[in-house]
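Dear colleague,

Please find below the structure that I am passing on to you. I would be grateful if you could look through it before reading the notes that come after.

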Amino acid sequence: MILIRQGRFSRWWHGLCLRVLGLCFAATLLAFGAVWLLLSIVRGRMGQEAWGAAVTEAFFLFFLNLCFLSTIQMLLVNLGQWEKLSFLAVMVIEVVSLYERAIWKEAAGWLPGSWKMYVRSSWALEGGYSVAVTSGIQILWILVCVWMGYKLLDRRR
């Protein structure tokens, strides 16, 4: 029904991808706005004192990781109507990344679920993951998911 209204498959798919990225940006903005408000209330002042360079960098990391995980989930859902599997895949990435830190500290920073955590990055930690490398991997994976979805879903149609 949606494809009939959209006219072309490519318009539908690219519109869906842009909506997912827009929702990721809105969710990240909302989360960081709430943190900024909470910091402002706790510290008793509003403005730039609660919002420094580290928070801006953390915003970038969180946004990019949310887009990365959302495009993986969007691809799985649209390939086979695997809503439960896609949610499970994202949860496994997150949980393994969270608990791997206690087991194998060197590898923990290189798990995708850790890439949104500013304190595990090279910006905050001497042996942290490289923000440039992980950002490149995430952007590449987002583009691959968009391309794979376009090719595989168009072929199934």
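The notes below go from the overall fold to the helices, the core and the surface.

Please bear in mind that this is a predicted model.

**Overall fold**

The protein contains six helices and zero strands, and its pattern along the sequence is α-α-α-α-α-α. It has 157 residues, of which 34% count as buried. Of the contacts between residues at least 6 apart in sequence, 56% join residues at least 24 apart.

Helix 2 has 35 residues, which should span 51 Å at 1.5 Å a residue; the C-alpha atoms at its ends are 51 Å apart, so the two values agree. A number of residues in helix 2 are buried, including Phe9, Trp12, Trp13, Leu16, Cys17, Val20, Cys24 and Phe32. The buried residues of this helix also include Ser10, Thr28 and Ser40.

Helix 3 covers residues 53-80, 28 residues in total. From its first C-alpha to its last it reaches 41 Å, close to the 40 Å expected at 1.5 Å a residue. Gln81 follows helix 3 and has a positive phi, near 55°.

**The nonpolar core**

Which residues have the most contacts inside the largest nonpolar core? They are Trp12, Trp13, Met74 and Leu153, in a core of 29 residues. Helix 2 (9-43), helix 3 and helix 6 (131-156) are the elements that give two or more residues to this core. Helix 3 provides the largest share, with 12 residues.

Trp13 is buried in helix 2. Leaving aside residues up to four places away in sequence, Trp13 touches Met74, Asn78, Cys145, Val146, Gly149, Tyr150 and Leu153.

Trp82, Leu85, Leu88, Val92 and Val96 make a nonpolar surface patch of about 450 Å². Val92 belongs to helix 4, which covers residues 83-103, and Val96 lies in helix 4 as well.

At 24% relative accessibility, Ala89 counts as partly exposed. Its C-alpha atom is separated by 9.2 Å from that of Leu69, a residue 20 places away along the chain.

With kind regards

How values were computed
Residues are numbered from 1 along each chain as its sequence is written. This is a predicted model: local features need pLDDT of at least 70, side-chain atom pairs count only at pLDDT 80 or more; totals for chains, interfaces and linings use all residues. Side-chain values use heavy atoms; hydrogens and water are left out. Patches are made of residues with over 30% relative accessible area and no salt bridge: like charges are joined within 9 Å, nonpolar side chains (Val, Leu, Ile, Met, Phe, Trp, Tyr) within 5 Å. Accessible areas come from the Shrake-Rupley method with a 1.4 Å probe; for residues, only the protein chains shown count as cover. A salt bridge is a side-chain nitrogen of Lys or Arg within 4 Å of a carboxyl oxygen of Asp or Glu. Helices (H or I, at least four residues) and strands (E, at least two) are DSSP runs, numbered from the N terminus. Buried means under 20% relative accessible area, exposed over 50%, partly exposed in between (1.4 Å probe, protein chains only). Contact means heavy atoms within 4.5 Å. The expected span of a helix is 1.5 Å times one less than its number of residues. A nonpolar core is a set of buried Ala, Val, Leu, Ile, Met, Phe, Trp, Tyr and Cys residues joined through side-chain atoms within 4.5 Å.
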